[in-house]
Amino acid sequence: MSTENNPRLDFLRTQIGNNLIQSPSPLGRWLNGTLKDVQNGAMTVEVTVRQDMTNPLGTLHGGAAAAIMDDLVGMMVFGMGREYGYTSVNLNCDFLNAARIGDVLTAYAYVVRAGKNVIHCEARINNSEGKIVAKCSTNMIQTGVKLPF
């Protein structure tokens, strides 16, 4: 679908600056990020680390970091306007720096290659100092589920 006629991308752009408490993704609602930028094939959110996102050391849990990146990639691919939904077939993560309660993180996802059935994406999470907290690469595969609008 071209970016000139993509109601999903248009809708997501109206949500810039809003938190994602209304996300269709229950996990996305729990993460409660704020949408910062939306492009065709790229998206940015901000997430504040809460206590319920941490491990016993008081730092961002690797599973929460993976969830931030996976959910963001899914939302970005949804915004590409494809006829069918996509789901992750893998998520290869590296955890590089700690993030603590109260830290405001910026997560950025982008498409590396968009094929007909598989879309290869990358994502990263940076802290306010620009240090990479986590990064991932993932492949999304087309499902048989037709998407609305």
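Leaving aside its neighbours within four places in sequence, which residues is L60 in contact with? Select L60 and you'll find V49, M53, T54, N55, A65, A99, L105 and V133 (contact means heavy atoms within 4.5 Å).

Before you click on: this is a predicted model, so local features need pLDDT of at least 70 and side-chain atom pairs count only at pLDDT 80 or more, while totals for chains, interfaces and linings use all residues. Residues are numbered from 1 along each chain as its sequence is written, and side-chain values use heavy atoms, with hydrogens and water left out.

**The core**

A nonpolar core here is a set of buried Ala, Val, Leu, Ile, Met, Phe, Trp, Tyr and Cys residues joined through side-chain atoms within 4.5 Å; buried means under 20% relative accessible area, exposed over 50%, partly exposed in between (1.4 Å probe, protein chains only). Helices (H or I, at least four residues) and strands (E, at least two) are DSSP runs, numbered from the N terminus.

**R82**

Now pick R82, in the loop between α3 (62-78) and β3 (84-95). R82 is buried yet has no salt bridge, and the nearest side chain of opposite charge, E83, is 9.8 Å away. For the record, a salt bridge is a side-chain nitrogen of Lys or Arg within 4 Å of a carboxyl oxygen of Asp or Glu. What does the side chain of R82 reach at 3.5 Å? Zoom in and it's the backbone oxygen of K116. Not counting residues up to four places away in sequence, R82 touches R8, A114, G115, K116, I119 and L147.

**N139**

Jump to N139 in strand β6 (residues 132-146). Show side chains: N139 and H120 are joined by a polar contact of 2.9 Å. Beyond four places in sequence, N139 also has contacts that include T87, S88, V89 and N90.

**Cysteines**

Last stop. A search of the whole structure finds zero disulfides (pairs of cysteine sulfur atoms within 2.5 Å). For C93, the nearest cysteine sulfur is that of C136, 5.0 Å away. C93 counts as partly exposed, at 23% relative accessibility. C121 is in no disulfide either, with the sulfur of C136 8.6 Å away, and C121 is buried at 0% relative accessible area.

Notes:
Lys and Arg count as positive and Asp and Glu as negative; His and the chain ends are not counted. A polar contact is a pair of N or O atoms within 3.5 Å; within protein, one must be able to donate a hydrogen and the other to accept it, and residues adjacent in sequence count only if both atoms are side-chain atoms.
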